[in-house]
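Biologist: I would like to learn how to read a model like this one. Please take me through it feature by feature.

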Amino acid sequence: NTFNYPGLAANSINNKKEIISCSNQDLTTLTTKLLQDLPAYFNRATQRSRRLNRPVEVYSYMLLAGKPDFTPLPLKSWTDEGEKSVNTTKGVEQIFFTTLERQYVKGKAVQLQGFHRLFLTKTESGWRMSMIYSQTGGYPKQKPPTPPRESSNTAVGQGIKTWLRDCRAGSVRF
């Protein structure tokens, strides 16, 4: 009851300010903080998805996420008859980043590098993930990475969705 306890009322006001400040963050600030927190969110997502009744499963643990690159991929317009590349996704921001992950296979640590192309859009309530495409390769580089795959429902996608939800709720501190 905030009317009887002025301290609670002040906290409610402060939380509202943080919600607004998170929703109004510029893309660079938002993405930098997201990638700083992503390993913890990724690792929690993998832990939640574990099936304890299976004797052997391989899980990745994210060690770190690299610096973002905001250079968008050139996209061809399906409506444009010309050969020029255009960005037809107005309001959708592209972020490329890499991750370093570790898996334990038969008791041996295997390092993997993830290559991710994240698409974010800003709504009235804050930033949301449109989609994410990922590739995986060995680390250090061994063979070419896997072909790109839509990865919104993988641990990396779930980690990003959860972080953005927490950001909109005011739980993320900048």
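Biologist: What are the ground rules here?

Modeller: This is a predicted model, in which local features need pLDDT of at least 70, side-chain atom pairs count only at pLDDT 80 or more, and totals for chains, interfaces and linings use all residues. Residues are numbered from 1 along each chain as its sequence is written, and side-chain values use heavy atoms, with hydrogens and water left out.

Biologist: What average pLDDT does the protein chain have?

Modeller: pLDDT is the predictor's confidence in each residue, from 0 to 100. Here the protein chain averages 82, and 75% of the residues score at least 70.

Biologist: Where is confidence lowest, and where is it highest?

Modeller: Helix H1 (residues 6–23) is lowest, with a mean of 50. S5 is highest, at 96. Over residues 8–13 pLDDT stays under 50, and the model has four contacts there beyond four places in sequence. Residues 15–20 also stay under 50, with five such contacts. Contact means heavy atoms within 4.5 Å.

Biologist: How many helices and strands does the protein chain have?

Modeller: Both are DSSP runs, numbered from the N terminus: helices are H or I with at least four residues, strands are E with at least two. This chain has three helices and five strands. From the N terminus on, the elements run α-α-β-β-β-β-β-α.

Biologist: In what order do the strands of the sheet lie?

Modeller: Strands of a sheet pair through backbone hydrogen bonds, either parallel or antiparallel. Two strands count as paired if DSSP finds at least two bridges between them. In this model, five strands form an open sheet in the order S1-S2-S3-S4-S5, with antiparallel pairing. Strand S1 (60–65) and strand S5 (149–150) are at the edges with a single partner strand each, so one side of each has no neighbour in the sheet.

Biologist: How many bridges join S2 to S3?

Modeller: There are 14, and the two strands run antiparallel. Thr 98 stands opposite Phe 115 in S3. S2 and S3 form a hairpin with two residues between them. In that turn, Lys 106 has a positive phi of about 55 degrees.

Biologist: And over how many bridges do S3 and S4 pair?

Modeller: Twelve, again in the antiparallel sense. S3 and S4 also form a hairpin with two residues between them. Gln 113 has Gly 137 in S4 as its bridge partner.

Biologist: What about S4 and S5?

Modeller: Strand S4 (residues 126–138) pairs with S5 over two bridges, in the antiparallel sense. Tyr 133 is partnered by Glu 150 in S5, and Ser 134 by Arg 149.

Biologist: Which strands does helix H2 touch?

Modeller: Axes are lines fitted to C-alpha atoms, for helices over the stretch in contact, and angles run from 0 to 180 degrees between N-to-C directions. Helix H2 (residues 27–49) packs on the sheet and touches S1, strand S2 (92–105), strand S3 (108–123) and S4. The direction of H2 makes about 165 degrees with that of S1. Helix H3 (residues 155–169) packs on the sheet as well, touching S1, S2, S3 and S4. The direction of H3 makes about 155 degrees with that of S4.

Biologist: Which residues of the largest nonpolar core touch the most other members?

Modeller: A nonpolar core is a set of buried Ala, Val, Leu, Ile, Met, Phe, Trp, Tyr and Cys residues joined through side-chain atoms within 4.5 Å. Buried means under 20% relative accessible area, exposed over 50%, partly exposed in between (1.4 Å probe, protein chains only). The largest core has 25 residues, and Phe 97, Leu 118, Leu 120 and Ile 160 touch the most other members. H2, S1, S2, S3, S4 and H3 each give two or more residues to this core. H2 gives the largest share, eight residues. Beyond four places in sequence, the contacts of Leu 118 include Leu 34, Phe 97, Met 129 and Ile 160.

Biologist: How much of the protein chain is buried?

Modeller: Of its 174 residues, 34% count as buried.

Biologist: Last, a single residue. Where is Thr 136 found?

Modeller: In strand S4. Thr 136 is the bridge partner of Gly 114. The two are 22 residues apart in sequence and 4.6 Å apart in space, C-alpha to C-alpha. Thr 136 has 23% relative accessibility, so this residue counts as partly exposed. Outside four places in sequence, Thr 136 is in contact with Leu 112, Gln 113, Pro 145, Thr 146 and Arg 149.
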